[in-house]
Amino acid sequence: MDTEPALPCDESSAKTIRLIRPSVVVLCGPAACGKSTFAARHFRPTQIISSDQARALVSDDERDQRFSAQAFALVHCLIEQRLSINRLCVVDSTALTPAARKDLLDLARKYQVPAVILLLDVPLETCAIRDAGRERTVGRQVIERQYQFFQQIKSSIKQEGFDQVIELRDEDLDKVRFEIVFRPVPRPAAAADRPERRRFTPRPPRPEAGGKPAPSENRAPSLPNGRPPESA
Ligand SMILES: Nc1ncnc2c1ncn2[C@@H]1O[C@H](COP(=O)(O)OP(=O)(O)OP(=O)(O)O)[C@@H](O)[C@H]1O
Ligand SMILES: [Mg+2]
């Protein structure tokens, strides 16, 4: 796969991160570390695929963990559809489990696009304060558990097969900039490559003067106005 060198791009602009479109960009970090805020700051709403939003779309409640399977099915479906037309996918979920990350990696491989993971390494106390200050809190216990787990897995993520693993500390979150480079993957079945769908059945050849119409395999019956009917 054609991938960019390890980032940041260069030392002088240490916080500029180059991303390829299409690619799968995975945000990873404990609850309330600032993933959704970070995503909203740097990417278009349509580029962000959020597990919370997917949960809300399928169940009417973004907090209802009973429907996570359905939510992630939707997340994966959206990723596939976007990758199939060479769009950027920024996945906003905790991505703390190996299975969750593997699913995303597999999708990137399937569509032959780079997979990048951004590890948001924010201090526990900062996460807890941010959680307490927001409308939808998950509570200190959840934050602590996810934070400890994140610290344990952080270093091993480098061996999982992501093309880039980028660690961002809290102080980096405000400084980082993204440069998005369009490098489309040729897709034989992409809509742009398909011929236009015909709206009308072609007219049969004109009959010889005085003779019967020439036989036509696909000839459609004419409407009273003499025009062939629209095809389905
Ligand atoms: N860099 C930041 N500086 C100050 N406050 C922040 C920053 N990033 C996020 N916040 C605030 O912290 C709270 C949690 O942020 P956010 O909802 O983005 O976290 P999250 O990682 O998406 O959480 P979850 O995993 O629960 O969805 C929000 O109230 C947000 O406004
Ligand atoms: Mg969030």
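**View 1. Pairing of strands β5 and β6.** Strand β5 (residues 115-121) runs parallel to β6, and the two are joined over 6 bridges. Strands are DSSP runs of E with at least two residues, and helices are runs of H or I with at least four, both numbered from the N terminus; two strands pair if DSSP finds at least two bridges between them. Isoleucine 166 in β6 is the bridge partner of leucine 118. The model is predicted: local features need pLDDT of at least 70 and side-chain atom pairs pLDDT 80 or more, whereas totals for chains, interfaces and linings use all residues. Residues are numbered from 1 along each chain as its sequence is written, with chains lettered from A and ligands numbered from 1 in the order in which they are written.

**View 2. The open sheet.** Its 5 strands follow the order β3-β4-β2-β5-β6, with parallel pairing. Strands β3 (48-50) and β6 (164-169) are the edges, each pairing on one side only.

**View 3. Helices on the sheet.** Helix α3 (residues 68-84) packs on the sheet and touches β2 (23-28), β3 and β4 (88-92). Helix α4 (residues 98-110) also packs there, touching β2, β4 and β5. Contact means C-beta atoms, placed from the backbone, within 7 Å.

**View 4. The shell around ligand 1.** Ligand 1 is surrounded by 15 residues, the closest being Gly34, Ser36, Thr37, Arg130 and Arg134; a residue is near if its C-beta atom, placed from the backbone, lies within 6 Å. Helix α1 (residues 35-42) gives the most to this shell, with 3 residues.

Methods
Two residues are in contact if their C-beta atoms, placed from the backbone, lie within 7 Å. Axes are lines fitted to C-alpha atoms, for helices over the stretch in contact, and angles run from 0 to 180 degrees between N-to-C directions.
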